[in-house]
Amino acid sequence: MSRKHRRTTTRAAVLGAVALLLLTGGAAASTATAVDAPRPAREAALTGTAMIDRPKGDEITFTFDARLPAADKTDPGKARGTIRFSHYVEEAHWGGAGEAKVDCLLTGGRVATVSAVVTKADGDLKDTVGKRVGLTVDDRGRQDGFGYSWAMVGLPSDLPDDMPKCVSGAPFEKTRPGSGTFHVKSLDQRP
């Protein structure tokens, strides 16, 4: 066999081996990727209970159960769920509790903005019935960030009657350590 013919045969064998390795390695990688890939989220969600970090005697608690199916991720207005809340100020003998029906949920990373219409409220919060409120949660783990739409007007009852869905304030407050936590499950949303 000539030297030229041996070189050509050797090159062909090396190229064939490389191609075989690439093919089998690629198949193994695609199989591993298919098996190891995380499952797509079935819904966006904001859940959990926590208190806002205020001085003792100013007790604010929120409980979220807001969800948006993945099939509706481009229409955050299809979110459903409930928000429960209470706010009591001991020194002023002021307070009340209520419930709101979720009508919008937007998520991005560990942040969620939710809006809801108050359906029930008592005490000093009874004037909030019928108002749409917006809340923002930054799920930081041990001490979450928290914001709300009435930050500039004082009370939820002072919000305008035509408040849009999914409008809230930046998370300028924090949750009280040890009082619970909020959880944000995000979808890639593009309204």
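Strands β6 and β7 (residues 145–148) run antiparallel and are joined by 4 bridges, where strands are DSSP runs (E, at least two residues) numbered from the N terminus and two strands count as paired if DSSP finds at least two bridges between them. This is a predicted model, in which local features need pLDDT of at least 70 and side-chain atom pairs count only at pLDDT 80 or more, while totals for chains, interfaces and linings use all residues. Residues are numbered from 1 along each chain as its sequence is written, and side-chain values use heavy atoms, with hydrogens and water left out.

**Sheet order**

- The open sheet has 9 strands with antiparallel pairing, in the order β8-β7-β6-β5-β4-β3-β2-β1-β9.
- Its edge strands are β8 (173–174) and β9, each of which pairs on one side only.
- Strand β8 is joined to β7 by 2 bridges, the two running antiparallel, and Phe146 stands opposite Glu173 in β8.

**Around strand β6**

- Because 6 of the 7 residues of strand β6 (residues 132–138) are buried, this strand is largely enclosed by the rest of the structure; buried means under 20% relative accessible area, computed with a 1.4 Å probe on protein chains only.
- Strand β5 (residues 111–121) is joined to β6 by 7 bridges in an antiparallel arrangement, with Ser115 having Gly134 as its bridge partner in β6.
- Towards β7, Thr136 stands opposite Gly147, and the hairpin of β6 and β7 has 6 residues between the strands, with Gly141 taking a positive phi near 105°.

**Strands β2 to β4**

- Strand β2 (residues 58–69) pairs with strand β3 (residues 80–89) in the antiparallel sense over 10 bridges, and the bridge partner of Phe62 in β3 is Phe85.
- Strand β3 also pairs with strand β4 (residues 94–108), again antiparallel, over 8 bridges, and Val89 has Trp94 as its bridge partner in β4.
- The hairpin formed by β3 and β4 has 4 residues between the strands, and His93 in the turn has a positive phi of about 50°.

- Leaving aside neighbours within four places in sequence, Phe64 is in contact (heavy atoms within 4.5 Å) with residues including Leu46, Ile83, Val114, Leu135, Phe146 and Phe182.

Methods:
Buried means under 20% relative accessible area, exposed over 50%, partly exposed in between (1.4 Å probe, protein chains only).
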